[in-house]
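Here is a short note to read alongside the model. Please keep the sequence and the 3D view open as you go through the points.

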Amino acid sequence: MRALAAEASKLASLPTVWIAMAAGVLVPSVIAAITASSTRSTITRGAATVAGADTGYQELAFGVVGAITLGVVAISSEYSTESAESGGGRQITTSLTAVPARLRFLLAKISAVAIAAAVLAIIASGTTMGVIHVVLGEHAPAMGADDVPRLAGVVCYWVYTALLAFGITVLTRHGVIPLAVLIANTSVVTVTYLLTKITPLANYLPDMAGVRMFIRRLADNTAEISPLTGGLVMTAWVAVLLVIAAVAFTRRDA
Amino acid sequence: MITIDSLVKRRGSKEILSGIGFQARPGRVTGFLGPNGAGKSSTLRILLGLDRATSGTALINSVPFVQLRDPLATVGAMLDGSGAHRARTGRAHLRWVARSAGLPRARVDEVLDIVGLTSAASRRVGSYSLGMARRLGLAAALLGDPEILILDEPVNGLDPDGIRWIRTFLRQHAASGRTVLLSSHLMGELAETVDDVVVINEGKVVADGTLDEITGSHRTLEDAFFALTTGGAP
């Protein structure tokens, strides 16, 4: 618990973590405001009658960039080198002299990242759905019992994505490349999505499977994967990656 | 008590340490001396469980560092720089370290005061000078009021005031029966601080004894050091 308290304290005192949190809330909320207002004008024009079932959820799938950043900086900050003028040290030496058991240290960090990502996902879901309801008013899709497992799926997806980003960065010990690749894949060039055009197996990549937990219809995609299956597939990816990261982390020189 | 025995470290085909062995005893300041690249930092990193030895042992009170029940209260360590992330404030850095050992917040202010960093505690570590970074590193080492201090190049980057202060501080620390192990490549700064001297060169211990024994017939510790590490005549 002390190790977890230390890791929580580290996250809370790191400015990039707050930037990640802000991005996690703002990105889906702002996109939701834009798409909802265009949906609203479509409906008032009479071109459509109701907003799609994935309204809000699509935006939350993009908003996961906040969770990615959180997962990456939680560990890359341990390895970033101080300037040469101030001695060129790295925080990981302090961390591992304070909590020498490597696995305990890593589990504490994983727990802190998971808790922070879950809190972020809950806040982001609240604001995003709130924005949708404010903008669409009576045209907003009604929230019902069906949305509870879907929103739980969003939280799960964000936590898992943060942990995937974390696990990859444990292996690279440097934040820039995982951050760039993962954020690009979520937003600009969705490599994993393009791969589904080549092989249906790509539907079982972690992000493609994970979004099934809350997205009902993927554009131009006919593969049928249930929310539960999608969640389990992503769980397996996260578990395997974290085990690899833990083995590497406990064996190598700090 | 620190006991290092037959420590060997290889990286690839390069042998960095070739059977390092020595002790650092309570109540004494042990100077671990050698030129840059001699293997001082590698030895200390293995002692602190950061790096893995190829063979040999490095023990603290007869157990490896990673098995200590309360590491921060047993060993205070300072390696390169401050060991803090540059975007955090000095105080925030010490707070998380204190949390990891269940130490009260008040202890953070105490150590800030001891190292004379109270006025800079709310600034980000990235804005610190080397001397301030070293003081922050020392503050973190002192948090748990440890019985053993392990300091890598503690005088590096300190101004003359700081050097004088750390000498007095370490002497007092040892006088109260604690163990101090410090590494340095600066001989002149150390002669007045250390009781025992271990000299290493190219991964091997070339001399181990009290300050008087090592200085021997040489005029100063510095002369003895150069005679031992360059093989040249005094």
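**Notes on the two chains and their contact**

1. In chain A, 51% of the 254 residues are buried, where buried means under 20% relative accessible area, exposed over 50% and partly exposed in between (1.4 Å probe, protein chains only). In chain B, 56% of the 234 residues count as buried.

2. A word on the basis: this is a predicted model, in which local features need pLDDT of at least 70 and side-chain atom pairs count only at pLDDT 80 or more, while totals for chains, interfaces and linings use all residues. Residues are numbered from 1 along each chain as its sequence is written, chains are lettered from A and ligands numbered from 1 in the order in which they are written, and side-chain values use heavy atoms, leaving out hydrogens and water.

3. Chain A has 11 helices and 0 strands, counting DSSP runs numbered from the N terminus (helices are H or I, at least four residues; strands are E, at least two). Its radius of gyration is 20 Å, close to the 18 Å that the globule rule gives for 254 residues, so chain A is as compact as a globular protein of that length. That radius is taken over C-alpha atoms, and the rule is 2.2 Å times the number of residues to the power 0.38.

4. Chain B has 8 helices and 9 strands. Its radius of gyration is 17 Å, which agrees with the value near 17 Å for a compact globule of 234 residues. The C-alpha atoms of chain B fill a box of roughly 50 × 35 × 35 Å along the principal axes, and those of chain A fill one of roughly 65 × 35 × 35 Å.

5. Now for the surfaces. Chain A exposes about 11100 Å², with 72% supplied by carbon and sulfur atoms; for chain B, the area is about 9700 Å² and the share is 47%. These accessible areas come from the Shrake-Rupley method with a 1.4 Å probe.

6. How many residues does each chain bring to the contact? Chain A gives 34 and chain B gives 36, with contact meaning heavy atoms within 4.5 Å. Together the chains bury about 2800 Å², 54% of it on carbon and sulfur atoms; A:Arg2, A:Thr97 and A:Asp253 supply 19% of the area that chain A buries against chain B, more than any other three residues. Buried area is the accessible area (1.4 Å probe) that two parts lose on being put together, summed over both.

7. Finally, have a look at helix H5 of chain A, residues 91–98: 8 of its 8 residues are buried. Among them are A:Ile92, A:Leu96 and A:Thr97.
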